[in-house]
Amino acid sequence: MSEERGKAAAILATLRSRIAEGEYRPGQNLPPQRALAEEFDVSRDTIQRVLEELKTEGWIEARQGSGLKVRATPPIHVTPLSKVPPGRVALGPFIARAFA
């Protein structure tokens, strides 16, 4: 079971990277689940869990009858200043303001 979790984490990182680097462009459909399962040599169940996580994180969106599409605006994850450990600088708020 932990091997599948490890594979899922690696697939999740790969797909995030592909979206962030523009390999999958905004508005473009992701490859079908079956194709992703074959590419990464995992079950479709694993791919479904990864895709669900990408949806939750805001990288992709599901459209009825259209499949899964890359969102036009990739998510910006900002750590609230209240959660930044003392003595550390949080760049997230500065980056978020720059892109707002």
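**Close-up views of helix packing and a β-hairpin**

**View 1. Contact of α1 with α3.** In this predicted model, E4, A8, I11, L12, L15 and R16 of α1 meet T46, I47, R49, V50, L51, E53, L54 and E57 of α3, contact meaning heavy atoms within 4.5 Å. By class, eight nonpolar, one polar and five charged residues form the contact of α1 with α3 (nonpolar: Ala, Val, Leu, Ile, Met, Phe, Trp, Tyr, Cys and Pro; charged: Asp, Glu, Lys and Arg; polar: the others, Gly among them). The axes of α1 (residues 2-20) and α3 (residues 44-57) come within 10 Å and cross at roughly 45 degrees. Axes are lines fitted to C-alpha atoms, for helices over the stretch in contact, with angles from 0 to 180 degrees between N-to-C directions. The crossing of α1 and α3 is right-handed.

**View 2. Contact of α1 with α2.** I11, T14, L15 and R18 in α1 meet L36, E39 and F40 in α2. Four nonpolar, one polar and two charged residues make up the contact of α1 with α2. The axes of α1 and α2 (residues 33-40) come within 12 Å, crossing at roughly 115 degrees.

**View 3. Hairpin of β1 and β2.** Strands β1 (residues 60-63) and β2 (residues 67-70) pair in the antiparallel sense over four bridges; pairing requires at least two DSSP bridges. A62 has L68 in β2 as its bridge partner. Three residues lie between the strands, and G65 takes a positive phi near 80 degrees.

Residues are numbered from 1 along each chain as its sequence is written. Local features need pLDDT of at least 70, side-chain atom pairs count only at pLDDT 80 or more, and totals for chains, interfaces and linings use all residues, while side-chain values use heavy atoms, leaving out hydrogens and water.

Methods
Helices (H or I, at least four residues) and strands (E, at least two) are DSSP runs, numbered from the N terminus. A crossing is left-handed if the near helix is turned anticlockwise from the far one by less than a right angle, and right-handed if clockwise.
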